[in-house]
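Open the model in your viewer and keep the selection tool at hand. The stops below say what to select and what is there.

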Amino acid sequence: MAKQSTSEVIEAIAAEIGENVYIDIAKWHLYLADAKLHTLLAEQLYPILTARSLSEDRVQQVLQNIPVKLGGGKKEIPLIDLIPARGQTDLMEILQKYQNDM
């Protein structure tokens, strides 16, 4: 990436995550951009990318620590429990690409 500011990089990562990674609820796919979770996720993953310490365990830990409110806030479920395995694989591929470009 050619000299982009931190916010530009986070926005680019968030956009790609938001368009390609979804949560699955009762076989409905809600993309993270539509769920307004893409930017939060990108902000939390960015330090891992800049430290060049990307690993599946670290990403899963971040996903585990992001609560998603359901039913008007009656229940919270960790984001990791809502993203199917394929979505987690897609997320890792996106993040690997960005880490390699940094």
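**Stop 1: α3 against α4**

Select α3 and α4, which pack at an angle of about 115°, with their axes 11 Å apart. Axes here are lines fitted to C-alpha atoms, for helices over the stretch in contact, and angles run from 0 to 180 degrees between N-to-C directions. Helices (H or I, at least four residues) and strands (E, at least two) are DSSP runs, numbered from the N terminus. The crossing of α3 and α4 is right-handed; a crossing is called that if the near helix is turned clockwise from the far one by less than a right angle, and left-handed if anticlockwise.

Now show side chains: E56, V59, Q60 and L63 of α3 meet Q88, L91, M92 and L95 of α4, where contact means heavy atoms within 4.5 Å. By class, the α3 and α4 contact residues are 5 nonpolar, 2 polar and 1 charged. Ala, Val, Leu, Ile, Met, Phe, Trp, Tyr, Cys and Pro count as nonpolar, Asp, Glu, Lys and Arg as charged, and the others, Gly among them, as polar.

This is a predicted model, in which local features need pLDDT of at least 70 and side-chain atom pairs count only at pLDDT 80 or more, while totals for chains, interfaces and linings use all residues. Residues are numbered from 1 along each chain as its sequence is written, and side-chain values use heavy atoms, with hydrogens and water left out.

**Stop 2: V62 in α3**

Stay on helix α3 and pick V62. Is V62 buried or exposed? V62 is buried, at a relative accessible area of 11%; buried means under 20% relative accessible area, exposed over 50%, and partly exposed in between (1.4 Å probe, protein chains only). Leaving out residues up to four places away in sequence, V62 touches L41, Q44, L45 and I48. For a distance check, draw a line from V62 to I10: the two are 52 residues apart in sequence and 16 Å apart in space, C-alpha to C-alpha.

**Stop 3: α2 against α4**

Next select helix α2 (residues 38-50) with helix α4 (residues 85-101); their axes are 11 Å apart and the packing angle is about 50°. That angle makes α2 oblique to α4, since angles under 35 degrees count as roughly parallel, over 145 as roughly antiparallel, 65 to 115 as roughly perpendicular and the rest as oblique. The crossing of α2 with α4 is right-handed. On the α2 side, L41, L45, I48 and L49 meet L91, L95, Y98 and Q99 of α4. The α2 and α4 contact residues comprise 7 nonpolar, 1 polar and no charged.

**Stop 4: α1 against α2**

α1 passes α2 in a right-handed crossing. Residues of α1 in this contact include V9, I10, I13 and I17, and those of α2 include H38, L41, L45 and L49. Sorted by class, the contact of α1 with α2 holds 11 nonpolar, 4 polar and 1 charged residues.

**Stop 5: the core**

Which residues have the most contacts inside the largest nonpolar core? They are I17, L41 and L79, in a core of 29 residues. A nonpolar core is a set of buried Ala, Val, Leu, Ile, Met, Phe, Trp, Tyr and Cys residues joined through side-chain atoms within 4.5 Å. α1, α2, α3 (56-64) and α4 each supply at least two residues of this core, and α2 gives the most, with 6.

Center on I17. Beyond residues up to four places away in sequence, I17 touches L32, H38, L41, A42, L45, L91, I94 and L95.

**Stop 6: V68 in β3**

Move to V68 in strand β3 (residues 67-70). V68 is buried, with a relative accessible area of 9%. Residues up to four places away in sequence aside, V68 touches L37, K75, E76, I77, L79 and L82. V68 and S53 lie 15 residues apart in sequence and 25 Å apart in space, C-alpha to C-alpha.

**Stop 7: two loop residues**

Finish with K36, in the loop between β2 (28-31) and α2. The phi of K36 is near 60°, a positive value in a residue other than glycine, and K36 counts as exposed at 65% relative accessibility. R52 lies in the loop between α2 and α3. Phi of R52 is near 55°, also a positive value in a residue other than glycine, and R52 counts as partly exposed at 47% relative accessibility.
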